Amino acid sequence: MSTRFSLLIAVSTIVLALTGCNSVSQSSGMDSYGPKPYLPEPQKSLLPIVNIAPAKGWPVDATPIPAAGLKVQAFATGLEHPRWLYVLPNGAVLVAETDAPYKPDDSKGIQGKVMKLVMKRAGSSHSSANRISLLRDVDGDGLADQKTIFLQDLNSPFGMALVGNMLYVATTDSLMRFSYPKGASKITTKGIKVLDLPGGTLNHHWTKNVIANPAGTKLYITVGSNSNVAENGFNKEVGRALIMEFDITSGKARTFATGLRNPNGMDWQPQSGALWTVVNERDELGNDLVPDYMTSVKDGAFYGWPYSYYGHHVDMRVKPQNPELVARAIKPDYALGNHTASLGLAFYAAELMPQYRGGALIGQHGSWNRKPHSGYKVIFVPFQNGQPSGKPQDVLTGFLSDKGDAFGRPVGVAVDSSGAILVADDVGGKIWRVSPTK
């Protein structure tokens, strides 16, 4: 028996053992939502909690379950791991069909092999399509009639932002700029790299998002950490776990906010005008730590990672500590549940569904390391006067079967030109559209 085969058997045995033998949370999970989440004492264990929802895909004619008064339909199907959405001014929808790039240093050792198997079972770690497709609903029936390849041969693309006639695309290692002819169904001209982003052969959190400010003068770019809690060394975290600000005119970038383990979705809150983001927090402290969160992003602020979480709760695993930074750490505005993998964020500013106006829609990709599972849904958080003002409400559920298999996993959320909600489902290979029943 080869050494490699023996290793794979050992890793598979570990994964199966972990999946079946971890403790189960006694919490309902709802106490980990809101401005003041319950934060129990950290739980220490020899091995991390692993509870994978195996990716199965949707049965024929099955759909997620919308909230009362809403309906859901498959806006587009047959997509290859659709992760992120962007609605163009003409109503066409761009979708990034993408997955993790080749990053061999992120799967070294037993823990790395385990994580690779975990991600594969959860529906990731396939070859990336590396393209952006364009979808059009020509006849207005809520279904995409046209699908074209808009951009291809990109390096794990994710975020997109149109400024004037220039489309910016955040790939896993660079910010690219493409000339966009108004109304075009395809871009054939070569893009220009305007900014290098942290990538490389480790590249633990590989997704990079980008959003433009309302004036169209600056871009904001998310960069996730290269580890869980800096266990790969602080030298691997240079330029990571932060949001950058890029000045379009000068071409210069600066750090805007730090201590954000893995920020993804960003949007401008319509009442306050503030930039908000959702962030995936750290793992391996038990079923009930640490809640993911959304927060307003303040210029120059530090949000704790890796030294502390939720303000001044020190993570004793991190060596050396940094008490001065911990003292500066800002507590996030609103918790989004433990290990929910909250990724998508879109504030609702349309008229079609007034019950959601001004609040935040959040795509929760779902846990792989909590018992019972958490996330696997799209939620809504109401806002008043620019701040969260109530409990989360389910918008779209039913992504898990009764047996705990994943039919799909929601990621990016967007609001289309009619006011309907679009949801990228990477495991299901679909874009779901949510609208009123009447």
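How many bridges pair S10 with strand S11 (residues 192-196), and in which sense do the two strands run? In this predicted model, S10 and S11 are joined over four bridges in the antiparallel sense. Within this pairing, serine 174 stands opposite aspartate 196 of S11. On its other pairing, S10 (residues 174-179) meets strand S9 (residues 166-170), again in the antiparallel sense, over five bridges. Valine 169 is placed opposite methionine 176 of S10, and a hairpin of three residues leads from S9 to S10.

The loop between S10 and S11 holds lysine 186. This residue has a relative accessible area of 47% and is therefore classed as partly exposed, a class that lies between the limits of 20% and 50%. Apart from neighbours within four places in sequence, lysine 186 is in contact with Ile149 and Phe150. The C-alpha atoms of lysine 186 and threonine 148 are 7.2 Å apart, although 38 residues separate the two along the chain.

The confidence of the prediction was considered next. The mean pLDDT of the protein is 93, and 91% of the residues reach 70 or more. Over residues 1-20, however, the pLDDT is below 50, and this stretch has 23 contacts in the model beyond near neighbours in sequence. Where pLDDT is low, predicted coordinates should not be read in detail.

An open sheet is formed by four strands in the order S4-S5-S6-S7, with antiparallel pairing. Strand S4 (82-87) and strand S7 (146-151) each have a single partner strand and stand at the edges, so one side of each is left without a neighbour in the sheet. From one strand to the next, the twist averages 30°. Strand S6 (residues 131-136) is paired with S7 over five bridges in the antiparallel sense; in this pairing, arginine 136 has glutamine 146 of S7 as its bridge partner. In a regular strand, side chains alternate between the two faces of the sheet.

Proline 82 belongs to the edge strand S4. Is this residue buried or exposed? Its relative accessibility is 0%, and proline 82 is therefore counted as buried. When residues up to four places away in sequence are not counted, proline 82 touches Val95, Ala96 and Glu97, together with Ala424, Asp425, Asp426, Gly429, Lys430 and Ile431. The C-alpha atom of proline 82 is separated by 15 Å from that of threonine 172, which lies 90 residues away along the chain.

A buried position is also found in a loop. Serine 225 lies between strand S13 (218-223) and strand S14 (242-247). With a relative accessibility of 0%, serine 225 counts as buried. Beyond its neighbours within four places in sequence, the contacts of serine 225 are His204, His205, Glu237, Arg240, Ala241, Arg261 and Trp305.

In soluble globular proteins, nonpolar side chains tend to be buried together. The largest nonpolar core in the model contains 24 residues, of which Tyr356, Val395, Leu396 and Ile421 touch the most other members. Two or more residues of this core are given by each of strand S3 (70-76), strand S24 (377-381), strand S27 (393-397), strand S29 (421-425) and strand S30 (430-436). Another core, of 22 residues, lies apart from it and includes Leu134, Leu167, Val169 and Ala184.

Within the largest core, isoleucine 421 was examined through its contacts. Leaving aside neighbours within four places in sequence, isoleucine 421 is in contact with Tyr348, Met353, Tyr356, Leu361, Val395, Ala414, Trp432, Arg433 and Val434. One of these contacts, arginine 433, is located in strand S30. At 11% relative accessibility, arginine 433 counts as buried, because the value falls under the limit of 20%.

Methods:
Residues numbered from 1 in each chain as written. Predicted model: local features only at pLDDT ≥ 70, side-chain atom pairs only at ≥ 80, totals over all residues. Heavy atoms only, no water. Pairing = 2+ DSSP bridges. Axes fitted to C-alpha atoms, helices over the stretch in contact; angles between N-to-C directions. pLDDT = per-residue confidence, 0-100. Contact = heavy atoms within 4.5 Å. Buried < 20%, exposed > 50% of the residue type's maximum accessible area, 1.4 Å probe, protein only. Core = buried A, V, L, I, M, F, W, Y, C linked by side-chain atoms within 4.5 Å.
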